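Please look over the sequence and the structure below before reading on. The paragraphs that follow go through a few features one after another.

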Amino acid sequence: MNVVTVELDSRAATSALGAAIGAALRPGDRILLSGDLGSGKTTLARAIGAALHAEPELTSPTFILVAEHRGDLPIWHVDAYRLPVGSDALRSGIVDERQQHGVTMIEWPEHLEGIETAGAGVLTVHLAAGAHDEARIAVISGARPDLRAALDSAFGPKEGKRG
């Protein structure tokens with residue numbers, strides 16, 4: 001599996017990662033965002049949404065589970081934090097056929113069963129705390145070659161490690 005680790009030294013760097021991801025997304029793409037509470041998943045999702053000109057601006061959909069947004073592509077922003085681990089994404093209506101026409105971002109995907117977690121249109125980003133309060137480490141895997149090329153262009157191999 002192709003994995004890149006990127007050190008993000010600030011909230012602005014996390015937003016730059018989101019902008020790079022958002023600029024390369026296509027209909028049907030899915031971004032799986034994992035990490036501890038406060039690791040920056042919603043910050044990253046908000047930046048991806050901004051790159052897609054989301055209206056309204058993305059916020060955490062924790063209490064509604066799925067928020068739909070207009071933008072360059074339709075956007076579904078899912079937060080599965082409040083769901084029990086093993087929840088059926090299809091049966092609960094979190095994932096449906098409309099999402100093939102837009103972009104779906106899922107925070108806490110490890111709580112869901114029945115979602116595709118691999119494939120050309122799936123990008124997995126795990127965020128972890130870095131060296132200081134605003135620093136994050138992003139471990140990125142999957143995605144189409146053109147999306148990976150966009151990330152390499154934005155962050156370059158000198159800032160990340162391939163494993």
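A residue is called exposed when its relative accessible area is over 50%, buried when that area is under 20%, and partly exposed in between. The model shown here is a predicted one, and these cut-offs can be applied to several of its residues. R70, with a relative accessible area of 56%, is therefore exposed, whereas E55, at 46% relative accessibility, counts as partly exposed.

These two residues also belong together in another way. Side chains of opposite charge can pair when their charged atoms come close. How many salt bridges does a search of the whole structure find? The search finds two, and in one of them the side chains of R70 and E55 meet, at 3.7 Å from N to O. Because R70 lies in the loop between β3 (66-69) and β4 (75-79), while E55 lies in the loop between α2 (41-51) and β3, the pair ties together parts that are 15 residues apart in sequence.

The side chains of R98 and E68 likewise meet in a salt bridge, with 3.2 Å from N to O. Here R98 is placed in the loop between β5 and β6 (103-107) and E68 in strand β3, so this pair ties together parts that are 30 residues apart in sequence. R98 has a relative accessible area of 37% and is partly exposed, and E68, at 47% relative accessibility, counts as partly exposed.

Strand β5 covers residues 87-88, and S87 lies in it. Is S87 buried or exposed? Its relative accessible area is 13%, so S87 is buried. When the neighbours of S87 within four places in sequence are left aside, the residues in contact with S87 are H111, L112 and E113.

Two packed helices are described by the angle between their axes and the distance between the axes. For helix α1, which spans residues 11-23, and helix α2, the axes come within 7 Å and cross at roughly 45°, and α1 and α2 are therefore oblique to each other. The crossing in which α1 passes α2 is right-handed. On the side of α1 the contact is made by R11, T14, S15, L17, G18, A19, I21, G22 and A23, and on the side of α2 by T43, L44, A47, I48 and A51. Sorted by kind, the residues of this contact of α1 with α2 comprise eight nonpolar, five polar and one charged.

Note on methods: Residues numbered from 1 in each chain as written. Predicted model: local features only at pLDDT ≥ 70, side-chain atom pairs only at ≥ 80, totals over all residues. Heavy atoms only, no water. Helix = DSSP H or I, 4+ residues; strand = E, 2+ residues; numbered from the N terminus. Buried < 20%, exposed > 50% of the residue type's maximum accessible area, 1.4 Å probe, protein only. Contact = heavy atoms within 4.5 Å. Salt bridge = Lys/Arg side-chain N within 4 Å of Asp/Glu carboxyl O. Axes fitted to C-alpha atoms, helices over the stretch in contact; angles between N-to-C directions. Parallel < 35°, antiparallel > 145°, perpendicular 65-115°, else oblique. Left-handed = near helix turned anticlockwise from the far one by under 90°. Nonpolar A, V, L, I, M, F, W, Y, C, P; charged D, E, K, R; others polar.
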